[in-house]
Amino acid sequence: MSSELAFAGRVWDIRRDVFEYNGEQIARDYVDHSGAVAVLAMDDEGRVLVIQQYRHPIQSRDWELPAGLRDIAHEDPLVAAQRELAEEVDLVASDWTELIDFYTSPGGSNELIKVYLARGLSATEQVYERSEEEADIEVRWVPLDEIVDGVIEGRLQNSILAIAALTAHARR
């Protein structure tokens, strides 16, 4: 097998691999991603914290969970999730559970998302300064059942939000 960097991007890269499969030489380009974490933060009333922020590839604001890249070398995924919850919505949690791991688009990317369920929520000691797409994040608390309905009805299309909400609903 050979592997080369075809494009070095600001957030992720494109890698070109040539490998043998079923006796044939195959070449594939794919997004070489650092991975990410997401947090389904749930309060005592069963409401989930969702955020809305601008996402340029779809050129609109999208409802989603607090999330972020695993772009700090050797950072534990739980620590990354705790950092993202604090940085994006100024919250900490006392109870953390792994909810689900999944590949976002295995035909074109090696991005693995690790989603945590966070409970026992409280405010951070400091308020974080946000910039770029995070500068105008809108925050809402929404009952889990309403999120599930929104996913099933096609009103909520963010894959991380959909998979996490459906998993939390199924495990309830």
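Modeller: Begin with Ser-3, which stands opposite Asp-17 in β2. This is a predicted model, in which local features need pLDDT of at least 70 and side-chain atom pairs count only at pLDDT 80 or more, while totals for chains, interfaces and linings use all residues. Residues are numbered from 1 along each chain as its sequence is written, and side-chain values use heavy atoms, with hydrogens and water left out.

Colleague: How many bridges join β1 to strand β2, and in which sense do they run?

Modeller: Strands of a sheet pair through backbone hydrogen bonds, either parallel or antiparallel. Two strands are taken as paired if DSSP finds at least two bridges between them, and strands themselves are DSSP runs (E, at least two residues), as helices are (H or I, at least four), numbered from the N terminus. Here β1 and strand β2 (residues 13-21) run antiparallel and are joined by 5 bridges.

Colleague: Which sheet do these strands belong to, and what is its order?

Modeller: They belong to an open sheet of 3 strands, in the order β1-β2-β3 with antiparallel pairing. Its edge strands, each pairing on one side only, are β1 (2-7) and β3 (24-32). Neighbouring strands of this sheet are turned by 25° against each other on average, direction ignored, where the axes are lines fitted to C-alpha atoms and angles run from 0 to 180 degrees between N-to-C directions.

Colleague: What is the order of the open sheet that contains β10?

Modeller: That open sheet has 3 strands in the order β6-β5-β10, and the pairing is antiparallel. Strand β5 (residues 47-55) pairs with β10 over 6 bridges in the antiparallel sense, and Val-48 stands opposite Val-142 in β10.

Colleague: How many helices and strands does the protein chain have, and what share of its residues count as buried?

Modeller: The protein chain has 3 helices and 10 strands, which run β-β-β-β-β-β-β-α-β-β-β-α-α from the N terminus on. A residue is buried when its relative accessible area is under 20%, exposed over 50% and partly exposed in between, with a 1.4 Å probe and protein chains only; of the 172 residues, 40% count as buried.

Colleague: What share of the contacts comes from residues 24 or more positions apart?

Modeller: A contact means heavy atoms within 4.5 Å. Among contacts with a separation of 6 or more in the protein chain, residues 24 or more positions apart account for 57%.
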